[in-house]
Amino acid sequence: MVSHAEFYHAYQSTIMKLNKMFSRAQNCKEAAAQFKELQNRFKLEELDMYAAFCCLAVGRCEEAIGNTLVASSEYSFVGNTFLKLELDRQQSLAPGFREHILEATRCYLMAIECYRENGLFYMSGSLFLELGL
């Protein structure tokens, strides 16, 4: 089981590497691959929130490279994950500040913006509909 400290250390080391050499697209691809690997580790251990944060970082790297379609699919996946986490929290009757629903909304809006930039209005419309439900 991965502890919170291990997650933070792995996430921060990848962020620091990304910040050092952010100007080249190859470094963004490398960082995206590392975040994807970290995301898969967290998925296997069923740590969905951490996997979603890694997926969000992959989306930001892909958007920086210029792959907005890949970024939008990553953002919509993160939005779905946070929405699922919020529904799970509500079903368990645990107290919360609805932070997962806010994060899901933000991710959906980022995906919608990427789709609109590419002229895929039907995709952005379907995400608006999903967000409204």
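This is a predicted model: local features need pLDDT of at least 70, side-chain atom pairs count only at pLDDT 80 or more; totals for chains, interfaces and linings use all residues.
Colleague: OK, at what angle do helix 3 and helix 4 pack?

Modeller: Helix 3 (residues 48-65) and helix 4 (residues 68-91) pack at about 160 degrees, and their axes are 8 Å apart. That makes helix 3 roughly antiparallel to helix 4, a label for angles over 145 degrees, whereas under 35 counts as roughly parallel, 65 to 115 as roughly perpendicular and the rest as oblique. Helices here are DSSP runs of H or I with at least four residues, numbered from the N terminus, and the axes are lines fitted to C-alpha atoms over the stretch in contact, with angles running from 0 to 180 degrees between N-to-C directions.

Colleague: Which residues make that contact?

Modeller: Taking contact as heavy atoms within 4.5 Å, the helix 3 side includes M49, A52, F53, L56 and R60, and the helix 4 side includes Y75, F77, V78 and F82. The residues of this contact divide into 13 nonpolar, three polar and six charged, where Ala, Val, Leu, Ile, Met, Phe, Trp, Tyr, Cys and Pro count as nonpolar, Asp, Glu, Lys and Arg as charged, and the others, Gly among them, as polar.

Colleague: And how does helix 3 sit against helix 5, parallel or antiparallel?

Modeller: Helix 3 and helix 5 pack at about 25 degrees with their axes 13 Å apart, and that makes helix 3 roughly parallel to helix 5. Their contact is made by M49, L56, R60 and E63 of helix 3 together with H100, E103, R106, C107, M110 and C114 of helix 5, and its residues divide into five nonpolar, one polar and four charged.

Colleague: Switching to the largest nonpolar core, which members touch the most others?

Modeller: Of its 18 residues, L56, Y75, V78, F82 and L127 touch the most other members; such a core is a set of buried Ala, Val, Leu, Ile, Met, Phe, Trp, Tyr and Cys residues joined through side-chain atoms within 4.5 Å. Helix 3, helix 4 and helix 5 (99-117) each supply at least two residues of this core, and helix 5 gives the most, with eight.

Colleague: What does F82 touch away from its sequence neighbours?

Modeller: Leaving aside residues within four places in sequence, F82 is in contact with M49, A52, F53, H100, E103 and A104.

Colleague: Now Q39, is that buried or exposed?

Modeller: Q39, in helix 2 (residues 25-44), is buried, with a relative accessible area of 0%; buried means under 20%, exposed over 50% and partly exposed in between, using a 1.4 Å probe and protein chains only. Beyond four places in sequence, Q39 is in contact with A51, C54, C55, V58 and F77.

Colleague: Which way do S124 and Y8 go, buried or exposed?

Modeller: S124, found in helix 6 (residues 121-132), counts as buried at 5% relative accessibility, and it touches I112, Y115 and R116, not counting residues up to four places away in sequence. Y8, placed in helix 1 (residues 4-20), counts as exposed at 52% relative accessibility.

Methods:
Residues are numbered from 1 along each chain as its sequence is written. Side-chain values use heavy atoms; hydrogens and water are left out.
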